[in-house]
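Grab a pencil and work through these exercises with the model open beside you. Each task comes with a solution that goes step by step.

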Amino acid sequence: LVLIGGFVQLLAGFLAFRKYDHLGGAAFLTFSALWSSYGATRIISAAYPPWQNLTLASENARKSEGFTAGSVAFLVLNTFLIILACSFNVVLLFMTLAMELLIICFLLFTMENLPWPFEIVMLSIFSIICFYGATASLANNMFGKDLIMMGPPLFTAESTKEDHDDPPPCICPKSHCTSGLRTIADLLNTGAVCGVPTDTVYALAASCKHPQAIEKVYRIKDRPQEKPICIFISNLDQLRAAAPPISPLLWDFMENVYPGGIGCIIKKGEWLKKLGVGAGYSRVGTPDSIMIRVPDLTVLVHLIDMTGPLAITSANPSGEVDSTHHDMVISRLGHKLEGVLCDGESDEVVASTVVNCTKIDESGITIVREGCIPAGKVMQIFERVKNR
């Protein structure tokens, strides 16, 4: 059971590191090493019982000396974890304190001077604290509120308070507030560049009515000029009102993929000006084609209704990973932007799938970039529409 506990702690440490919680990961890996060492001493003790010959007893004593020295090292290391836990919450503090007592049990065990009831009591207390902490963390994270109390930190570093008090580098309204949407819409309508959430990852947005804003997007991202920028519209009715020369097959295909994470590249034309692209006509797409997408995100659709079509590209420095939280946008590009619409974690971790539909009637469609929608699913949708 002790070895199983070590494996569980190792798994918890791995998951903590995956979430970039290096302190939590280090604590769990330390606990995992302790559990594994505790289990190893148990196995050695069982393998070399006291009634065997002196040679085996001496070997057992030699190995126990190593574990004794290790337990002293754990005592010192866990002391630092106790100090750090004081700045988190009461449950984590109690957990590290209980672990310190368990390490003392470990030390007494290697010295063959451990009262059995004391060990049972300490293991029981530690198990209860761990169960409560795991249940509280799971419940609070699932529902996004403190349903089960974890307790306040004993102290807070002054530098942490100052960091929280630092103003953001740009305007950062919340997406669930109408005033936040209006603030970002007003900025975009005056030619600003803002970070916005989409149904995939976070993006940089500029009004198609302001070509200088689209040029600024290229500078902010350090994006090569030969890479075109797509446009987002709020619904297909906007596209129908512009009356582009689109075949029935392409209309049917777009009706089946919009709104959603698939961008369709279609032929460019003067109809884009009727769509509301305006002065930004020459700065979006290529001379012959344009990628259009209808996002499946209510917040962004409302924003587009306030601004008209938006020039959109992912909110990350060119060549780097996509931004999946508004904090990433603010920290990476906030000092270059006028605003960021904060909407928390993005729905996807990769960008949209891009499909070339310029020759849909002659040779079908081609996948330019596979993103959040698998290429196989896109082709299934097309074949179903084509056969129908």
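**Exercise 1.** Work out which residues of helix 7 meet which residues of helix 12, and how the two helices are placed.

*Solution.* Start with the contacts, meaning heavy atoms within 4.5 Å. From helix 7, L181, R182, I184, A185, L188 and N189 take part, and their partners in helix 12 are V299, H302, L303, M306 and T307. Sort these residues by type: seven are nonpolar, three polar and one charged. Here Ala, Val, Leu, Ile, Met, Phe, Trp, Tyr, Cys and Pro are nonpolar, Asp, Glu, Lys and Arg are charged, and the others, Gly among them, are polar.

Next, the geometry. Helix 7 covers residues 178–189 and helix 12 covers residues 298–307; their axes come within 9 Å and cross at roughly 45 degrees. Axes are lines fitted to C-alpha atoms, for helices over the stretch in contact, with angles from 0 to 180 degrees between N-to-C directions. The pair is therefore oblique, given that under 35 degrees is roughly parallel, over 145 roughly antiparallel, 65 to 115 roughly perpendicular and the rest oblique. Helix 7 passes helix 12 in a right-handed crossing, that is, the near helix is turned clockwise from the far one by less than a right angle.

A word on ground rules: this is a predicted model, where local features need pLDDT of at least 70, side-chain atom pairs count only at pLDDT 80 or more, and totals for chains, interfaces and linings use all residues. Residues are numbered from 1 along each chain as its sequence is written, and side-chain values use heavy atoms, leaving out hydrogens and water.

**Exercise 2.** Find the buried residues of helix 10 and what they pack against.

*Solution.* Buried means under 20% relative accessible area, exposed over 50%, and partly exposed in between (1.4 Å probe, protein chains only). In helix 10 (residues 248–257), L249, L250, W251, F253, M254 and V257 are buried. Now look around them: they pack against helix 9 (236–242), strand 4 (262–267), helix 14 (360–363) and helix 15 (375–387). Helices (H or I, at least four residues) and strands (E, at least two) are DSSP runs, numbered from the N terminus.

Then follow the chain onward. The loop between helix 10 and strand 4 holds P259, and a cis peptide bond with omega of about -5 degrees joins Y258 to P259.

**Exercise 3.** Is A243 buried or exposed, and what about D222?

*Solution.* Take A243 first, in the loop between helix 9 and helix 10. Its relative accessible area is 55%, so A243 is exposed. D222 sits between helix 8 (211–221) and strand 3 (230–232), in the loop. With 62% relative accessibility, D222 is exposed.
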